[in-house]
Amino acid sequence: MLGETDARRADLGSGEPSEVEGSAGAAVTAPRPAEPDPDETRDVPEPPVTGDEAVDEAMARLAEAQPGSFAERIEAGEHAHRSLQSRLGGLGGA
């Protein structure tokens, strides 16, 4: 079943109907979600300002990624996680 989930993820967002195997083994066509309107402007949330350059940069990058794709948001989240871990690790001797 894992492969079926992966196939569904790969198909998201193309706007084309997808075929998914139904419970009886027959293919079921389901509509795909519509792509966002490119003319629609999305607001970028204002990140908090901490005064710590590394933390502020990580939060700004995370906020800027919010209107982007799922992959862009995940990448920004992972970057923020690494940056914050690194910064907090450096506070141990303070």
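Residue A58 lies in helix α2, where helices (H or I, at least four residues) are DSSP runs numbered from the N terminus. The model is a predicted one, in which local features need pLDDT of at least 70 and side-chain atom pairs count only at pLDDT 80 or more, whereas totals for chains, interfaces and linings use all residues. Residues are numbered from 1 along each chain as its sequence is written, and side-chain values use heavy atoms, with hydrogens and water left out. With a relative accessibility of 0%, A58 counts as buried, a class that means under 20% relative accessible area, with exposed meaning over 50% and partly exposed in between (1.4 Å probe, protein chains only). When residues up to four places away in sequence are not counted, A58 touches A80 and S83, contact being defined as heavy atoms within 4.5 Å. The C-alpha atoms of A58 and H81 are separated by 8.3 Å, although these residues stand 23 residues apart along the chain. A60 also lies in helix α2, but at 24% relative accessibility A60 counts as partly exposed; its C-alpha atom is separated by 9.3 Å from that of A80, 20 residues apart along the chain.

Two packed helices are described by the angle between their axes and the distance between the axes. Helix α2 (residues 53-65) and helix α3 (residues 70-89) pack at an angle of about 170°, with their axes 8 Å apart; axes are lines fitted to C-alpha atoms, for helices over the stretch in contact, and angles run from 0 to 180 degrees between N-to-C directions. The two helices are therefore roughly antiparallel to each other, the term for angles over 145 degrees. Residues of α2 in this contact include A54, V55, A58, L62 and A65, and those of α3 that they meet include E72, A76, A80, S83 and R87. By class, the contact of α2 with α3 has 9 nonpolar, 3 polar and 6 charged residues, where Ala, Val, Leu, Ile, Met, Phe, Trp, Tyr, Cys and Pro count as nonpolar, Asp, Glu, Lys and Arg as charged, and the others, Gly among them, as polar.

Helix α3 has 20 residues and reaches 28 Å from its first C-alpha to its last, close to the 28 Å expected at 1.5 Å a residue, the expected span being 1.5 Å times one less than the number of residues. Within α3, A76, H79, A80 and S83 are buried. Seen down the axis of α3, its buried residues fall within an arc of 100°, so they line one face of the helix, the arc being that of the directions from the helix axis to the C-beta atoms. What covers these buried residues includes α2, while the face of α3 turned away from its buried side carries the exposed residues F70, A71, L88 and G89.

Technical notes: Angles under 35 degrees count as roughly parallel, over 145 as roughly antiparallel, 65 to 115 as roughly perpendicular and the rest as oblique.
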